[in-house]
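Please look at the structure before reading on.

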Amino acid sequence: MIEAITIEAFAKLVPDNREAYILERTQLEDFWLIGRVRNPFEEKPFFFIEQLINPYTGVVLESQIFSDFSRPQSIFCRTKGKAKNYEDGTLVAAKVTLTEFENEVKKGNIFNTTYNEVYQIEDTDEIFDLIGMNKEDLGIIALAKPFLYKDRESRFIDAANIIKTKIENDIKNLDSKLDENKKQILYMERQEDRLDKTKQNLYSLQQKLEKLGFVFDKQSEDQLEETEESFLVIPETVSELLKGILSQLSARGYHYEQKTLRQLLLALMTEQMIILSGPSGTGKTTIVKQLASIINAKYEIIPVQPSWTDKQDLLGFYNPIRKLYVPSAFLDCLIEAKQNKDHLYFICLDEMNLAQIEYYLADVLSIRELEDGKLRLYSDFEYEQNMNEIKWFIQRMSQEETLEIDEALKKIQMDSLAHYEMVTRFENLKRYAPVLNIPQNVRIIGTMNVDGAVQALSPKVIDRSFVIPLYRQENEKVASVSEIGQYDISAQYFTTNTTETPRISNQLREAINDIQQELKNWHIEYNERVERHILLYYVAAKNLGISTKQLADDITIMKLLPRIHEMVDDEQLITRLIEVVERHVKDELLSKRKLEKMQQRFEQTGLYSYWS
């Protein structure tokens, strides 16, 4: 801490030097303070914020700011018009500025704020969102000085509560992680026991076969260890995993910006459909392939054809003549994912907008909304008819009525076309049942090339998706890796539970409400589905510790702006929208850059569109 100067000397400093002195003297990282509201005795258009706490250290604000003046500081806030004052004692956070009036400075009154820069604190997480800081960075100096808490009315108690809550939450998180680790260890031990038993059984079987004259190639233990696949150690946090994936991508010769990969990872955790949009050659399909390779996920790239007109083009169809279901690559990938529930599967519909999306994807979009939704491939009646025909065939050819169908078909001593047909039909029925759940370990990702002539997506598709725009990626500096490898990450890792966090923070809620309210002037309304998606994204992002303005920027560009596709006569609509977005995303650039591109296109064509 620098040495204190006199008020007179402070008043003579230029504004920049005043700010630097206050930040250094009070140990603030930025001009954010926490305190409690005190209203004047008579009704006045202002109020004070007192009992100030430094949110970056968790302790009371330094009172000896000047060498010749010592008293607790307060913040002066003038109310705006008829704005309602906060009640006395309300805990708030405020972004402050330094007063420019020399007479006030000489009185020691140096902090001002505006009504719009005061935020009521209901949840301690909101403090960290506002100041853009992780909980882990909060100082706990106050807890090391118990004498500060002797007085029950101590102004320091707020800092203690904030830090106490942080520690309690951290302990809960650690306990939760410990329980998960114990379960994983127990599962691995059981799997190891099963593996040992399987090895013993195989060894016993091999000895019996060798006695019968079979010869086996011998393989040493060293050779066996070399053939086993090894994986990289999975980072403890999502943030570290994000950096690890960026490094692995860079080592493979692919460069993506951190914010692009962050949006993709968080969108995957929401379990909703993802649409990667952007000019040709920006790496939309490549990032799907490479990300799958790095996290040991399976993927299927399915090129969409312009001729696709209904769900049969995506899912396959039932052939009533051969009485067989003719599957597609999409359907086979769903079935494989259902059989490997611990593995994550990406199904990439490449250039998905070559055909009308609602025509071929409507069933999938609707069913994913239902808790127990199922894809209908063909009728139950057709299935029963097929099974009855196979049973009738078995009764004719076999004398044993108690056998299961597959055992009975194997025992029938026939080498005929009819027998082969029945076996084929039965295997087809087993694999392709009339209805199919979409497994939870499947993520559907669409890519679409965007140019001046592209058709906008319908609200039905946008509301059910996260739209991530991909442009030419900057080559950011990332940590180098000692080896190119894979993380063996289960599908469960990419899920999100909203039970413990049933709502988003007040600041994010305010930002989204303001932007949605402005978009009502464009006749754009958002439903409960969109709200649920926003909550999922918010909960997934909490582990990354990103700020409210970053979340507002992500949600605006992925969920709110894609609905805009209008011929605009009143340019004030555009101006007001840009102002509202800029107010909430602040210095974040994604949404602002997108709005700039939309503005440029509007000036050329008169069409203000996310998809232009």
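Q: Is Asp 196 buried, partly exposed or exposed in this predicted model?
A: The model is predicted. Asp 196 has a relative accessible area of 35%. Buried would require under 20% and exposed over 50%, so with 35% Asp 196 is partly exposed.

Q: Which helix holds Asp 196?
A: The helix in question spans residues 157-211. Asp 196 lies within that range, in helix H5.

Q: Which residues gather with Asp 196 in a patch of negative charge on the surface?
A: A patch of this kind takes residues with over 30% relative accessible area and no salt bridge. Asp 196, at 35%, is one of its members.

Q: How many salt bridges does the structure hold?
A: Side chains of opposite charge can pair when their charged atoms come close. For a salt bridge the cut-off is a nitrogen to oxygen distance within 4 Å. The number of salt bridges in the structure is 20.

Q: How many residues apart are Lys 95 and Asp 30?
A: The side chains of Lys 95 and Asp 30 meet in a salt bridge at 3.9 Å, N to O. This pair links distant parts of the chain, with Lys 95 in strand S5 and Asp 30 in the loop between helix H2 and strand S1. The separation is 65 residues.

Q: Which parts of the chain does the salt bridge between Asp 463 and Arg 563 tie together?
A: The side chains of Asp 463 and Arg 563 meet at 3.3 Å, N to O. The pair ties together parts that are 100 residues apart in sequence, because Asp 463 and Arg 563 lie in separate elements. These are helix H16 for Asp 463 and, for Arg 563, the loop between helix H19 and strand S18.

Q: Are Asp 463 and Arg 563 buried or exposed?
A: The cut-off for a buried residue is under 20% relative accessible area. Asp 463 and Arg 563 are both buried.

Q: Which helices are linked by the salt bridge between Asp 514 and Arg 583?
A: In this salt bridge the closest N and O atoms are 3.9 Å apart. The two residues are 69 residues apart in the chain. Asp 514 is in helix H17 and Arg 583 is in helix H20.

Definitions and conventions: Residues are numbered from 1 along each chain as its sequence is written. This is a predicted model: local features need pLDDT of at least 70, side-chain atom pairs count only at pLDDT 80 or more; totals for chains, interfaces and linings use all residues. Side-chain values use heavy atoms; hydrogens and water are left out. Patches are made of residues with over 30% relative accessible area and no salt bridge: like charges are joined within 9 Å, nonpolar side chains (Val, Leu, Ile, Met, Phe, Trp, Tyr) within 5 Å. Accessible areas come from the Shrake-Rupley method with a 1.4 Å probe; for residues, only the protein chains shown count as cover. Lys and Arg count as positive and Asp and Glu as negative; His and the chain ends are not counted. The place of a charge is taken as NZ of Lys, CZ of Arg, CG of Asp or CD of Glu. Helices (H or I, at least four residues) and strands (E, at least two) are DSSP runs, numbered from the N terminus. Buried means under 20% relative accessible area, exposed over 50%, partly exposed in between (1.4 Å probe, protein chains only).
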